[in-house]
Amino acid sequence: MVFAMEEINHSKTLLPGVKLGYHIRDSCALPPWAIQAALSLVGGDSVSCNAAALPNNSQEQFEKRSGTYKPVPLIIGGASSKTALILSRTLAPLSIPLMSYTASCPCLSDRIQYPNFFRTMASDIYQARAVAQLAIRFKWTWIGAVIANNDYGYMAVKVFQEEIHGAEVCLAFVATLQRENIVSDARRAALAIQASTARVILIFSWYTDVRELFMQLEKLNVTDRMFLASEAWSTSGNLLQHPVSSKVAGGVLGVAIRSSPIPGFERYLRSLNPSHRPDDGFLREFWEKEFGCSPSAKFPGGNSPQKASLPPCRGTESLERVQNLFTDTSQLRVTYNVYLAVYAVAHALHSLLSCSIGESPSGQNISVCYSPKHIKPTELMQHLNKVNFTTPQGEPFYFDGADVPAKYDLVNWQKTPGGKLKLVLIGHVDGFDLHLNESAIQWISGSNQVPVSVCSENCPAGTRKANRKGEPVCCFDCIPCADGEISNKTDSLHCERCPPEFWSNAERTTCIQRQLDFLSYDETLGITLTAVAVSGVTVTTAVFMVFTHHRKTPMVRANNSELSFLLLVSLKLCFLCSLVFIGRPSAWSCRFQQAAFGISFVLCVSCLQVKTIVVLAAFRSARPGAEALMKWFGPSQQRGSVCFFTSIQIIICIIWLSLSPPMPQPDLDIPGLKVTLKCNMASVVGFSLVLGYIGLLGCTSLLLAFLARKLPDNFNEAKLITFSMLIFCAVWVAFVPAYISSPGKYAVAVEIFAILASSFGLLLCIFAPKCFIILLRPEKNTKKHLMAR
């Protein structure tokens with residue numbers, strides 16, 4: 001502050017002809033002392049108290065007059081937010097401006113409550129947001145927080161949470177540090193850090209609290225955590241030089257008060273000498289501790305406690321080669337804020353003392369000038385609100401309410417080859433904009449790998465995120481997508497269903513074209529069914545040849561041999577029609593297979609029904625007066641009956657296939673990569689009529705055969721028809737539920753199986769006993785034997 005004062009006093013453009021004066025008091029970070037000092041300064045009392053003040057001065061305005069000083073129009077002070085709050089409220093009724101250089105509480109931005117407050121330090125909102133942007137940028141979604149148990153810490157974590165809201169960043173825990181219980185609180189926070197899976201820890205606290213926390217972490221051997229630092233400790237030389245920091249805090253990433261060089265300041269510091277400033281008690285005390293001697297000049301206002309025991313200085317002592325925190329000007333942070341505060345006040349005074357054009361009571365324009373000996377605090381405060389200038393470093397400076405534009409440095413703690421820590425500038429924050437050189441960052445243990453801090457690993461493509469009940473959104477499980485659904489990006493919240501013509505691949509990452517599947521001759525099931533159908537045709541043909549060869553025998557001629565040959569032909573057609581169901585469905589095959597199936601079975605069942613009717617008629621005609629009954633069931637009438645029953649089915653098929661024929665269509669309703677290409681029944685009514693007519697004839701035949709089962713013949717064919725129709729009906733009754741419940745091509749296989757099973761049932765039940773007698777018991781193949789009881 002003194003350097004800035006002297007620089008301004010020597011300026012020919014800023015406040016020419018006006019000299020600034022000052023009083024400096026130490027408040028010892030105690031608000032009561034700060035209030036006492038501030039009130040004494042603004043009241044003009046010379047009470048020995050501590051505060052920081054800056055008035056404007058014309059020549060020697062601060063001359064001692066009867067032990068008192070003239071009141072000051074402005075105070076630079078209130079280093080902490082707590083002190084600044086108290087001082088601002090205290091000085092507000094007096095309209096005394098208060099300029100702070102480190103008070104950062106966002107509450108001080110309220111111009112209604114604190115109209116007289118100004119600061120050259122940005123609000124903590126900006127650094128908390130900057131830290132949150134770092135977490136989002138490096139995808140740290142699971143972060144622990146250790147904060148001071150005061151407004152500074154609670155405000156920071158509140159702003160941090162507001163900034164990360166919606167970015168899927170969560171706080172794993174929040175531990176607090178109380179200055180009065182720092183050892184126990186630091187131990188508790190260290191245990192929380194050790195127990196948590198969070199690898200990145202945010203710390204908003206004073207550097208002495210952080211030092212104790214690091215010591216506790218060292219005791220627990222916790223050395224693999226990454227720390228995000230607030231400006232309160234990110235540039236602390238005490239922490240950087242402390243041995244424990246290099247063990248537990250390598251790679252710290254922090255926000256720091258921005259640093260700026262001040263030309264001539266280092267030269268000014270090194271030129272300081274008590275002999276040139278005999279009234280500077282601080283410089284004298286520093287000199288005694290640095291050089292171990294007492295300056296020869298007398299210290300007014302009291303004696304140094306070491307003065308009596310220290311030898312006098314030789315006068316050759318100098319700060320030119322002294323290297324310590326006092327002479328280090330490589331990073332001027334709070335120092336630069338003080339420098340800006342002095343210049344802001346100087347420019348406000350310059351604006352105030354400059355003559356301006358005003359209006360007289362008569363309405364004429366007049367020149368209005370203020371005297372430097374009569375500065376009113378209210379007028380100075382008005383000009384502070386309007387101050388806008390360019391600093392000697394070339395930066396624009398202005399107040400936005402109580403605040404200045406937020407500017408921070410981003411720093412990184414990096415290990416030197418000797419194992420010590422050094423502070424490296426890696427970027428800066430300008431308002432809400434983050435500028436970062438990621439390649440310059442050194443992470444934990446000196447590696448270049450960005451640490452990972454997540455509650456749950458990212459869900460890969462093919463899965464979706466499912467939040468865990470009762471846990472933060474950052475903790476989730478990765479659930480594989482269901483069949484037919486995909487997710488093609490990481491951390492997907494939902495799986496998307498594939499279009500009907502597509503299906504998900506094995507990884508559930510993309511939709512692929514579904515493969516057409518059908519019952520083919522190349523697969524085992526198709527080959528088996530084909531072999532069974534061909535064997536059925538072969539057996540039927542063999543029976544046909546046996547009957548043809550023995551067509552003159554009573555067994556073949558009994559009950560109309562013509563119907564037996566027609567029945568064998570229809571059975572052969574039944575076996576052959578099953579082959580039409582195998583292979584890739586086409587428009588013609590879909591039409592032909594249902595027509596062939598329906599007509600073949602109606603022809604078969606019609607023959608059985610006519611044969612049963614003939615048996616019943618034959619025995620009825622044997623009764624007296626019923627001789628004419630057989631005239632209605634002669635060979636021509638039997639053939640006509642079969643044709644009539646079959647023609648009805650033919651008409652049904654023609655109408656059905658003409659109006660709404662079945663067409664090949666993939667069955668997209670069945671899940672899976674393979675989709676069955678099947679004959680879609682466009683008209684369920686037509687298909688039901690075909691099956692219903694077959695069922696009607698089958699049930700009628702079963703009923704007639706059952707009635708004729710006890711007729712007095714040694715070889716009663718009605719019994720064989722009864723058994724065959726029982727098998728036939730049982731197969732087709734079981735077919736319906738099996739067909740409906742079978743997926744894809746297996747429904748086709750079920751229908752083929754029903755055709756083959758019912759065909760074999762008819763063939764074996766009716767013709768196996770006859771062939772047995774014809775081939776193996778020829779002695780029974782006589783009319784006498786067939787008609788005997």
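The structure is a predicted model, in which local features need pLDDT of at least 70 and side-chain atom pairs count only at pLDDT 80 or more, while totals for chains, interfaces and linings use all residues. Residues are numbered from 1 along each chain as its sequence is written, and side-chain values use heavy atoms, with hydrogens and water left out.

The chain contains 22 helices and 28 strands; helices (H or I, at least four residues) and strands (E, at least two) are DSSP runs, numbered from the N terminus. Of its 789 residues, 50% are buried, where buried means under 20% relative accessible area, exposed over 50%, and partly exposed in between (1.4 Å probe, protein chains only). The chain exposes about 38,100 Å², of which carbon and sulfur atoms supply 58%. Accessible areas come from the Shrake-Rupley method with a 1.4 Å probe, and for residues only the protein chains shown count as cover. Among contacts in the chain with a separation of 6 or more, 66% join residues 24 or more positions apart, a contact being heavy atoms within 4.5 Å.

Strand pairing was examined next. Strands of a sheet pair through backbone hydrogen bonds, either parallel or antiparallel; here, two strands pair if DSSP finds at least two bridges between them. Three strands form an open sheet in the order E5-E6-E7, with parallel pairing. Strand E5 (75–76) and strand E7 (117–119) stand at the edges with a single partner strand each, so one side of each is left without a neighbour in the sheet. The parallel pairing of E5 and E6 extends over two bridges, and Ile76 stands opposite Met99 in E6.

Strand E8 (residues 142–148) also pairs in the parallel sense with E9, over seven bridges. Ala148 stands opposite Leu177 in E9. Strand E9 (residues 170–177) is largely enclosed by the rest of the structure, because six of its eight residues are buried.

Several residues in loops were also considered. Ala29 is found in the loop between strand E2 (23–24) and helix H2 (31–43). Its phi is near 60°, a positive value in a residue other than glycine, and Ala29 is exposed, with a relative accessible area of 69%. Ser95, in the loop between helix H3 (81–91) and strand E6 (98–100), likewise has a positive phi of about 60° although it is not a glycine. Ser230 is placed in the loop between strand E11 (226–229) and helix H8 (237–241). Ser230 is buried, with a relative accessible area of 0%. Leaving aside residues up to four places away in sequence, Ser230 touches Gln127, Tyr152, Ile203, Phe204, Ser205 and Val255.

A search of the whole structure finds one cavity of 30 Å³ or more. On a 1 Å grid over the protein atoms alone, a cavity is a set of points where a 1.4 Å probe fits but cannot get out, and lining residues have an atom within 4 Å of a point. Grid points are joined across faces, edges and corners, and a volume is the space filled by probe spheres set on the points. The largest cavity has a volume of about 30 Å³ and is lined by Tyr126, Arg129, Ala130, Gln133, Val429, Gly431, Phe432, Asp433 and Leu434. Helix H4 (124–137) and strand E19 (433–436) each supply at least two residues of this lining, and H4 gives the most, with four residues. By class, the lining has five nonpolar, two polar and two charged residues; Ala, Val, Leu, Ile, Met, Phe, Trp, Tyr, Cys and Pro count as nonpolar, Asp, Glu, Lys and Arg as charged, and the others, Gly among them, as polar.

Methods: On a 1 Å grid over the protein atoms alone, a cavity is a set of points where a 1.4 Å probe fits but cannot get out, and a pocket is an open set with protein on both sides within 12 Å along at least five of seven lines; lining residues have an atom within 4 Å of a point.
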